[in-house]
Amino acid sequence: MHARDRFRRRIVPAALTLTLGAALGALVPGGAPSAAEAYDLVIQRGHVVDPKNRLDAVRDVAVQDRKIAKVARRIDATAAKKTVDASGKYVTPGLIDLHAHLFPGPEDAYRNGWAGVAPDGFTFRAGVTTAVDAGSSGATSFELFKKNVIDRSQTRVLAFLNVVGEGMAGGKYEQNVKDMDPGPAAAKARQHPGTIIGIKTAHFEGPEWTAVENSVKAGEAAGVPVMVDFGANRPERPLETLLTEKLRPGDIYSHAYSGLRGELGPDGRLNPGMKKGRDRGVLFDVGHGGGSFAYDVAVPAMKEGFTPDVISTDLHITSMNAGMKDQSNIMSKFMALGMPLKDVVNASTWVPAKAIQRPDLGNLSVGAPADVAVFTLDKGTFGFVDSFGYRIDGKRKLSTELTVRAGKVVWDLNGKAAQKWTPDPSRLTGGAHAH
């Protein structure tokens, strides 16, 4: 036998063994699949903005088993179940809307009422994968909220629990200081850790500090932050006192640019208490809403360098049809006010995740839930309206192209993840079209 033939006989079986072993490894449970076969979804060539991981560059993002599997310059996707070409788009963690009202029902106001909205209809189309209800329910009404909304939504719905047991059920309920017992609120929050992520006080019009102080007591007992909608502007309850004495570091002041509670002084400058509160670690939330965002406040505040820590909607049936619209619109609005894209993404992802003690969210780290948003950054002239009917113009606007929640495509504006339709040749002849 020629020496070359003997060499082939020795090498070829070994090569076959390696090939068969690799194939069996890909097929047999517990085997090590190749990178090309490991992914349910690969989003390719998008400009990834992931503030937690300080990433602001073109990358591929791979998803497997509802988790982020890999983020890299190039990922082999030849065997992926689904691919999305995100060339020229921006890819971010799924957005977190820290202030929404998501408890719809047949009653009045926001608790099981007409003013709330079903989350899935208004989240995914704006790139939001986690929405936090801001106090619509209290300890008495939370279980109904959980059954009707949290447990039935594809959106991850979390909650600030209202210090008022009944929740946002309207005037007489929300002014009832006897129903602001911190004990039941703290107990309910401890019963649902990670879902009830804070305590909320809102709309209180009285001169006393009961609503705020009891909210803080509940927050301390449950180990969660407090969000404050400061209600009526009462001289007995100065804003500076709230921000420098009553709230703790990590607590959240919402409606920061409303102008309704002395956020701006008579001299047109920011209330000194706002900066003092920030220095103490209080967080400032936009909470745009239908009546809580004014350019008269936001523009001078931004000129003084007072940008929001958190961008949120205060989503409800009025705000979504007025100047607010949705999360991506507010992000675009703040870009028009001079905030860089990476900062508006940070204020809509990683900062709110940390604020509610959910560091698993708002990032694209390997192992994190596969919640992803893909945006087009449109260029042109766009109008952005505040809560009082005034417009500013901007040159850039985010439009949500694709949203992925727990590894599943839940919003796909232009069918980027869909298989392209082509005619079936077998149906173009014969009797299929005879009639």
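Guide: Ala134 is in strand β8. Strands here are DSSP E runs of at least two residues, helices are H or I runs of at least four, and both are numbered from the N terminus. The model is predicted, so local features need pLDDT of at least 70 and side-chain atom pairs pLDDT 80 or more, while totals for chains, interfaces and linings use all residues. Residues are numbered from 1 along each chain as its sequence is written, and side-chain values use heavy atoms, with hydrogens and water left out.

Start with cover. Ala134 has a relative accessible area of 0% and is buried. Buried means under 20% relative accessible area, exposed means over 50%, and partly exposed lies in between, with a 1.4 Å probe and protein chains only.

Next, the neighbours. Setting aside residues within four places in sequence, Ala134 contacts His99, Ala100, His101, Phe160, Met168, Lys200 and Met227. A contact means heavy atoms within 4.5 Å.

Lys200 belongs to strand β10, residues 196–201. Its relative accessibility is 0%, so Lys200 counts as buried. The Lys200 side chain reaches the backbone oxygen of Ala134 at 3.0 Å. Beyond four places in sequence, Lys200 touches His99, Ala134, Gly135, Phe160, Leu161, Asn162, Val163, Met168, Ser215, Met227 and Asp229. The unreviewed UniProt entry annotates Lys200 as "modified residue: N6-carboxylysine". UniProt positions follow the numbering used here, feature names are shortened, and annotations may be inferred rather than shown by experiment.

Now move along β8. Ser136 is also placed in this strand. Ser136 counts as buried because its relative accessibility is 0%. Its side chain makes a polar contact with the side chain of His101 at 2.9 Å. A polar contact is a pair of N or O atoms within 3.5 Å; within protein, one must be able to donate a hydrogen and the other to accept it, and residues adjacent in sequence count only if both atoms are side-chain atoms. Apart from neighbours within four places in sequence, Ser136 contacts His101, Leu102, Phe103, Tyr110, Arg111, Glu166, Gly167 and Met168.

Glu107, Arg111 and Glu166 are linked in a network of salt bridges. A salt bridge is a side-chain nitrogen of Lys or Arg within 4 Å of a carboxyl oxygen of Asp or Glu.

Nine of the ten residues of α9 are buried, so the helix is mostly covered. Those buried residues are Gln327, Ser328, Asn329, Ile330, Met331, Ser332, Lys333, Phe334 and Met335. After α9 comes Gly338, with a positive phi near 105°.

Now the wider model. The structure holds 19 salt bridges. In one of them, the side chains of Arg45 and Asp85 meet at 3.5 Å, N to O. Arg45 lies in strand β1 (residues 41–50) and Asp85 in strand β4 (residues 83–85), so this pair ties together parts 40 residues apart in sequence. Arg45 is partly exposed at 42% relative accessible area. Asp85 is partly exposed at 38%.

Another salt bridge joins the side chains of Arg269 and Glu304 at 3.5 Å, N to O. Arg269 is in the loop between β12 (252–253) and α7 (272–280), and Glu304 is in the loop between α8 (295–303) and α9 (327–336), so the pair ties together parts 35 residues apart in sequence. Arg269 is partly exposed, at 47%. Glu304 is partly exposed, at 22%. Lys146 and Asp151 also form a salt bridge through their side chains, at 3.1 Å, N to O. Lys146 is partly exposed, at 22%.

Finally, the totals. The protein has eleven helices and 16 strands. Of its 435 residues, 52% are buried. Among contacts between residues at least 6 apart in sequence, 73% join residues at least 24 apart.
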